[in-house]
Amino acid sequence: MDKVKPEEEGTSPGELRLGGLPEEPPARPAWSNKAEYILAQVGFSVGLGNVWRFPYLCHQNGGGAFILLYLLILLVVGIPLFFLELAAGQRIRQGSIGVWQHFSPRLVGIGFASCVVCGFVSLYYNVIIAWSLFYLGSSFRATLPWASCPLGANRSQPEPECAQSSPTTYYWYRKALDVSESIGAGGGVNLAMAGCLLVAWALVCGALIRGIKSSGKVLYFSSLFPYVVLLCFLVRGLLLDGAADGVRIMFTPQLAVWGDVQVWRQAATQVFFSLGLGFGSVIAYSSYNPQHNDCHADGLLVATINFLTSLLATLVVFAVLGFRATAVARACVARNVEILTQLLGIGGLPTLELPTLDPAALPPPQYSAWYHRLPAELGTALQGHGVTDCRLEDEMNKGVEGTGLAFITFTEAMTLFPASPFWSVLFFLMLLNLGLSTMLGNMQGILTPLLDRYPLLQRRATLFTGLCCLVGFLLGLMFVQRSGSYFVSMFDDYSATLPLVAVVACEAVSVAWVYGADRFLAEVENMLGWQPWRTGWRPWRLYGYMWRYGSLLAMLGLLLASLGQICLSPPTYQAWDQVQAEETRVPYPPWALAMLILLIVVATLPIPALYVRQLVRERQARRCQQGAPPRAEPEEEEAESPADPECSANGYLPVRTEEPPRAGASLLGGPN
């Protein structure tokens with residue numbers, strides 16, 4: 001059956017053909033220059049996870065050993081998949097829906113699944129930006145409001161809940177979030193946070209309203225400013241007392257962790273999310289490039305910048321946390337020495353030889369070593385009097401994960417800085433810009449494929465962008481109620497992890513096994529302009545093997561490991577116990593578990609649903625052909641089948657490529 005070529009006589013550009021779709025889509029926007037594109041990819045891939053997730057994983061999983069493991073997975077799995085998305089977007093010049101429809105109409109659900117995941121992530125990610133805005137506004141004071149505990153009801157003593165925890169912890173849970181005791185206790189909307197969320201969505205809408213022409217200009221600041229702040233914090237942090245101890249703890253390698261499957265799972269997941277694979281944003285940004293752009297060099301550059309940024313952020317975080325831990329440990333030593341001095345004075349203890357009675361001359365490591373040399377009975381007796389160990393490592397382990405690192409631990413460290421409001425403003429401006437650049441990428445992962453897919457939306461792109469932001473704000477109000485932070489944790493942990501792993505695994509299958517890895521590499525080679533008689537770059541054949549086997553097996557292994565983790569460890573969330581003034585792990589109630597499962601199902605459902613839909617359409621088309629009478633005029637061109645991957649009547653917008661696909665199609669719409 002002959003295909004109808006774009007150059008068919010009698011069909012002019014823009015003329016309607018089968019299915020009523022235009023032959024030629026409107027001219028595609030393009031980046032103003034290469035710098036805008038690189039900043040967009042860097043801004044999307046370098047996000048809040050580089051600042052608070054990577055340092056935590058590095059510290060918890062063997063320090064330098066985790067960094068080596070991360071680098072290995074990045075080279076073997078991450079970069080090949082990243083290059084796949086970059087090349088696919090640039091080659092086909094469509095969003096994620098159009099790209100995977102091009103490879104096979106049966107796999108178009110991959111693109112829709114990416115859009116759903118981007119929608120879920122955007123809903124809660126902008127709430128984190130709203131939190132940053134709240135803290136940024138609170139930083140413009142002579143004394144930071146979380147530097148000390150507020151007075152209680154009697155106006156003479158500090159608030160008991162704050163005194164039992166810490167000023168920064170109390171401010172985060174009781175002032176900023178006004179958090180409820182559980183996920184089931186809604187408690188109404190936090191109006192201050194709702195206002196910050198409105199401002200956050202207004203910033204996103206303003207940056208996106210004119211497409212990449214406006215967002216590209218915003219990225220000059222939002223992508224570069226965080227590096228200025230990180231370098232400032234690095235210089236300041238390394239000059240602080242105790243910074244060297246923090247850096248030493250971070251980089252001390254523990255190679256034994258390589259035998260733990262969960263460490264491999266966490267390293268692979270971090271590589272996966274740090275590059276932004278599966279969201280469709282990498283494809284969307286790359287689709288605005290010229291055809292002969294060197295996307296391979298771009299991929300290596302962005303992946304390298306991403307990795308170095310993670311190292312830089314980890315160095316900054318642990319230098320500052322080392323300073324904080326040293327300050328807290330010294331206060332602990334001073335308190336314990338005072339108690340011991342009192343006990344010895346009243347004869348409450350047997351003769352006890354202290355290293356020194358001057359707390360200022362007793363470093364925490366020396367005190368800790370002395371404490372551990374005490375007999376077991378004496379140590380138990382001292383604990384009964386409130387004398388404890390003061391280990392730097394214990395203080396380093398407190399609150400170093402996720403939001404706790406940014407809004408509790410790091411803010412506490414900044415209160416110890418000279419001119420702390422200045423450093424607080426810088427820090428939360430950095431978080432705001434990191435979040436904004438990633439948020440723009442998330443939204444492009446939604447807008448670009450939908451605008452490419454539906455010409456009607458493309459003609460109303462500004463209105464559609466504004467409408468998406470409005471809907472995002474209204475749905476995001478769920479996350480700014482008093483129990484909203486618990487929903488943020490749920491969405492962050494479960495709405496994207498499993499669905500994105502499934503999406504990327506399907507991407508590898510689509511390119512490597514359906515379309516053909518060698519065929520795709522040949523098209524990329526042609527796209528980049530390689531010719532035998534002149535110097536150029538030819539795609540590494542290793543990529544084909546990685547897409548077929550290495551990356552695909554890694555994704556399947558990660559998917560199974562993530563499912564196993566959920567089954568073996570029932571999902572829990574971290575709640576704030578107001579009575580005990582401490583964080584506690586609480587299992588999700590049944591309705592929340594059902595919601596959690598629904599999020600995963602809804603995000604992955606487009607892949608099998610649209611696959612089955614296309615199969616049904618193809619079967620119906622075959623039945624229609626079998627029941628049709630023989631043609632009276634065989635010289636006329638045979639009509640296209642609606643099941644044909646290139647037939648406009650199948651409901652998909654034709655994808656513009658430089659040359660028509662080669663003959664021969666497999667059962668999934670790719671080559672035999």
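These legends describe close-up views of a predicted model.

**View 1. Two disulfides in the whole structure.** A search of the whole structure turns up two disulfides. One joins Cys 149 to Cys 162. Another joins Cys 332 to Cys 390. Number the bonded cysteines in sequence order, and the pairing reads 1-2, 3-4.

**View 2. The disulfide of Cys 149 and Cys 162.** The two sulfurs sit 2.0 Å apart. Cys 149 belongs to the loop between helix H5 (109–138) and helix H6 (160–164). Cys 162 belongs to helix H6 itself. The bond therefore ties together parts that are 13 residues apart in sequence. The angle about the S-S bond is -85 degrees, and the link is left-handed.

View 3. Cys 162 has a relative accessible area of 1%, so Cys 162 is buried. The cut-off for buried is under 20%.

**View 4. The disulfide of Cys 332 and Cys 390.** Here the S to S distance is 1.9 Å. The torsion about the S-S bond is about -70 degrees, so this disulfide is left-handed. Which parts of the chain does the pair link? Cys 332 lies in helix H13 (residues 295–346). Cys 390 lies in the loop between helix H15 (376–384) and helix H16 (392–396). These are distant parts of the chain, with the two cysteines 58 residues apart. Both Cys 332 and Cys 390 are buried.

View 5. A disulfide needs sulfurs within 2.5 Å.

**View 6. Cys 58, a buried cysteine.** Cys 58 has a relative accessible area of 0%. Buried means under 20%, so Cys 58 counts as buried.

**View 7. Gly 242 in a loop.** Gly 242 lies in the loop between helix H9 (212–238) and helix H10 (243–251). Its relative accessibility is 10%, so Gly 242 counts as buried. Which residues does Gly 242 touch, leaving out those up to four places away in sequence? They are Gly 322, Phe 323 and Thr 326. Take Thr 326: Gly 242 and Thr 326 are 84 residues apart in sequence. In space, their C-alpha atoms are 5.5 Å apart.

Methods: Residues are numbered from 1 along each chain as its sequence is written. This is a predicted model: local features need pLDDT of at least 70, side-chain atom pairs count only at pLDDT 80 or more; totals for chains, interfaces and linings use all residues. Side-chain values use heavy atoms; hydrogens and water are left out. Helices (H or I, at least four residues) and strands (E, at least two) are DSSP runs, numbered from the N terminus. Buried means under 20% relative accessible area, exposed over 50%, partly exposed in between (1.4 Å probe, protein chains only). Contact means heavy atoms within 4.5 Å.
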